[in-house]
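Here is a briefing for a reader who is new to this structure. Please look over the sequence and the model before reading on.

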Amino acid sequence: ASGYSMLLIGAALIGIGSSIFHPDSSRVARLASGGRHGLAQSVFQVGGNLGSAIGPLLAAIIILPRGLQAMSWFSVAALAAILLLTRVGFWYRDHRRAMATRSEASVPASPYPKRTVALAISVLLALVFSKFVYMTALSTYYTFYLIETFRVSVGEAQIYLFVLLAAVAVGTIAGGPIGDRIGRRRVIWFSILGILPFTLALPFVDLFWTAILSAIIGFVLASAFPAIIVYAQELLPGRVGMVSGLFFGLAFGIGGLGAAILGEIADHTSIGFVYRLCAFLPAIGLLAVFLPEVGRERRG
């Protein structure tokens, strides 16, 4: 990129590719799940989380000492992914054809009243809003917060960011299977509302406890999203792509808008103020009381 405008265009193209990829990939993960929908969703999502976690570590090890030009080598991983996903695409095509011949491609009706579905989807969207705005504040400005508050170096801040994002990856892989076992509504309750004491304490602790609390927050909060996606898919069976597109689209869109708005607030106040302001967002998790029991929870 020769200038800021080209940088924005490149970022936009990456965003378009991501938005095309996620809904269908979520459908493929569900088809391949063997009935363990939460586990499959977690495995699918943890790939992105793991890549995000490794990113800051690679930035500290490779980009900081060698410059931005070193980023071009990371495109090799993208090319490898294209080759792998081509094979997955052929499997998906053949699987869809087999379903059509067995007349399984029809869309089943939701077993829940429309009013119940509408209320539940609205609550889930509110929870996604609280989760991703807070995660945007936590992850996007984490290095700046550490540098400004604790005077750590850029390299050290990247290591702390890696720890945070690694905890997010572990939480993502844990959330789906736990939801399969104990129920997704319980996971949603705990993961959104349960972090409130930690988010309220985070802006007032030292560097050691900042690292500990942020890792706990990242782990617990990340466990919600696989459970939310599968819960919504069970509310609207047969609409896996639509549900996945709705929630991934909102998550990414809210994250992007949140980053811009929070950055503007930080410019007029401070990053510490943004962290104190966003600490109350998990209280929106109280809305989970309106979620009905679905799937195995309902039958059990």
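In α9, the buried residues are Thr 210, Ala 211, Leu 213, Ser 214, Ala 215, Ile 217, Gly 218, Val 220, Leu 221 and Ala 222. Buried means under 20% relative accessible area, exposed means over 50%, and partly exposed lies in between (1.4 Å probe, protein chains only). This is a predicted model, in which local features need pLDDT of at least 70, side-chain atom pairs count only at pLDDT 80 or more, and totals for chains, interfaces and linings use all residues. Residues are numbered from 1 along each chain as its sequence is written, and side-chain values use heavy atoms, with hydrogens and water left out.

**More on α9**

- The buried residues of α9 pack against α4, α5 (142-150), α6, α7 (184-193), α8 (196-201) and α10 (224-235). Contact means heavy atoms within 4.5 Å.
- Helices (H or I, at least four residues) and strands (E, at least two) are DSSP runs, numbered from the N terminus.
- α9 has 16 residues and spans 22 Å from its first C-alpha to its last. That is close to the 22 Å expected at 1.5 Å a residue. The expected span is 1.5 Å times one less than the number of residues.

**How helices pack**

- Two packed helices are described by the angle between their axes and the distance between the axes.
- Axes are lines fitted to C-alpha atoms, for helices over the stretch in contact, and angles run from 0 to 180 degrees between N-to-C directions.
- Angles under 35 degrees count as roughly parallel, over 145 as roughly antiparallel, 65 to 115 as roughly perpendicular, and the rest as oblique.
- A crossing is left-handed if the near helix is turned anticlockwise from the far one by less than a right angle, and right-handed if clockwise.
- Ala, Val, Leu, Ile, Met, Phe, Trp, Tyr, Cys and Pro count as nonpolar, Asp, Glu, Lys and Arg as charged, and the others, Gly among them, as polar.

**α6 with α9**

- Helix α6 (residues 154-182) packs on helix α9 (residues 207-222) at about 25°, with the axes 6 Å apart. The pair is therefore roughly parallel.
- The crossing of α6 and α9 is right-handed.
- From α6, the contact includes Tyr 160, Leu 164 and Ala 167. From α9, it includes Leu 207, Ala 211 and Phe 219.
- This contact of α6 with α9 holds eleven nonpolar, four polar and no charged residues.

**α6 with α7**

- α6 and α7 pack at an angle of about 130°, and their axes are 7 Å apart. α6 is therefore oblique to α7.
- Gly 175, Gly 176, Ile 178, Gly 179, Asp 180 and Ile 182 in α6 meet Arg 184, Arg 186 and Val 187 in α7.
- The contact of α6 with α7 has three nonpolar, three polar and three charged residues.

**α4 with α11**

- The axes of helix α4 (residues 114-140) and helix α11 (residues 240-268) come within 8 Å and cross at roughly 40°. So α4 is oblique to α11.
- The crossing of α4 and α11 is right-handed.
- Among the α4 residues in this contact are Phe 129 and Phe 132. Among those of α11 are Gly 255 and Gly 258.
- The contact of α4 with α11 counts 15 nonpolar, three polar and no charged residues.

**Single residues**

- Pro 226 lies in helix α10. Pro 226 is buried, at 0% relative accessible area. Leaving aside neighbours within four places in sequence, Pro 226 is in contact with Gln 41, Ser 42, Gln 45, Thr 172 and Gly 176. Pro 226 and Gly 179 are 47 residues apart along the chain, and their C-alpha atoms are separated by 8.5 Å.
- Ala 59 lies in helix α2. Ala 59 is buried, with a relative accessible area of 17%. Not counting residues up to four places away in sequence, Ala 59 touches Leu 64, Pro 65 and Gln 158.
- Gly 48 is found in helix α2 (residues 37-66). At 45% relative accessibility, Gly 48 counts as partly exposed.
- Thr 140 lies in α4. Thr 140 is partly exposed, at 37% relative accessibility.
- Arg 151 sits in the loop between α5 and α6. Arg 151 has a positive phi of about 60° although it is not a glycine. Arg 151 is exposed, at 64% relative accessibility.
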